Amino acid sequence: VVFIFFLTLVSYFAFRIRHSSKRWHVKSKEGLFTMIGSVLALPIVNAGRWLSQKFSSINVLVLILDFIIETPFKFLLNFSNQFILFLKEKTEELR
């Protein structure tokens, strides 16, 4: 039961991180395996979402894990985006 609980919460957080990072993709590949994987992961992600919404004491844990996992990831994505923009500006100046 603890494993299933942990799996659903981690899957939900992974879905949130992946969803927020999709805007950084230049191209997305949609194929048969991607669709099958999405269909198979959907019940696990929905269970994690349900757990995080129903149990208020867990929402504190969700908030803590959000700061531990998602915030540094967003910071890393923002930093890499700014660094790429900086490199593009410098290459344009050199031309």
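The model is predicted, so local features are given only at a pLDDT of at least 70 and side-chain atom pairs only at pLDDT 80 or more, whereas totals for chains, interfaces and linings use all residues. Residues are numbered from 1 along each chain as its sequence is written, and side-chain values rest on heavy atoms, with hydrogens and water left out. The accessible surface of the chain, calculated by the Shrake-Rupley method with a 1.4 Å probe and with only the protein chains shown counting as cover for residues, amounts to about 8100 Å². Carbon and sulfur atoms contribute 70% of this surface.

Three helices and zero strands were assigned to the chain, both being DSSP runs numbered from the N terminus (helices H or I, at least four residues; strands E, at least two). The order of elements from the N terminus is α-α-α. The mean pLDDT, the predictor's confidence in each residue on a scale from 0 to 100, is 76 for the chain, and 82% of residues reach 70 or more. Confidence is lowest in α1, with a mean of 75, and highest in α3, with 81.

Contacts (heavy atoms within 4.5 Å) were examined by separation along the chain. Among those with a separation of 6 or more, 92% join residues 24 or more positions apart. Serine 11, located in helix α1 (residues 2-21), has a relative accessible area of 17% and is therefore buried. When residues up to four places away in sequence are not counted, serine 11 touches Ile44 and Val45. Two further pairs were described by their C-alpha atoms. Alanine 41, in helix α2, is separated by 9.4 Å from phenylalanine 15, which is 26 residues away along the chain. Alanine 41 counts as partly exposed, at 31% relative accessibility. With a relative accessible area of 46%, tryptophan 50 is partly exposed.

On the surface, Leu32, Met35, Ile36, Val39 and Leu40 form a nonpolar patch with about 510 Å² of accessible area together. Patches consist of residues with over 30% relative accessible area and no salt bridge, like charges being joined within 9 Å and nonpolar side chains (Val, Leu, Ile, Met, Phe, Trp, Tyr) within 5 Å. Leucine 32, one of the patch residues, lies in helix α2 and is exposed, at a relative accessible area of 54%.

One salt bridge was found in a search of the whole structure, the criterion being a side-chain nitrogen of Lys or Arg within 4 Å of a carboxyl oxygen of Asp or Glu. The partners are glutamate 93 and lysine 90, whose closest N and O atoms are 3.6 Å apart. Both residues belong to helix α3 (residues 56-94) and are three residues apart, about one turn of the helix. Glutamate 93 counts as exposed, at 55% relative accessibility, whereas lysine 90 is partly exposed, at 37%.

The structure also holds one aromatic pair. The ring centres of phenylalanine 79 and phenylalanine 83 are 6.5 Å apart and the planes meet at 15°, so the pair is stacked. Rings of Phe, Tyr and Trp (its six-membered ring) are paired if their centres lie within 6.5 Å, and planes under 30 degrees apart count as stacked, over 60 as edge-to-face and the rest as tilted. Because phenylalanine 79 and phenylalanine 83 are four residues apart in helix α3, about one helical turn separates them. Phenylalanine 79 is exposed, with a relative accessible area of 51%, while phenylalanine 83 is partly exposed, at 43% relative accessibility.

Definitions and conventions:
Buried < 20%, exposed > 50% of the residue type's maximum accessible area, 1.4 Å probe, protein only.
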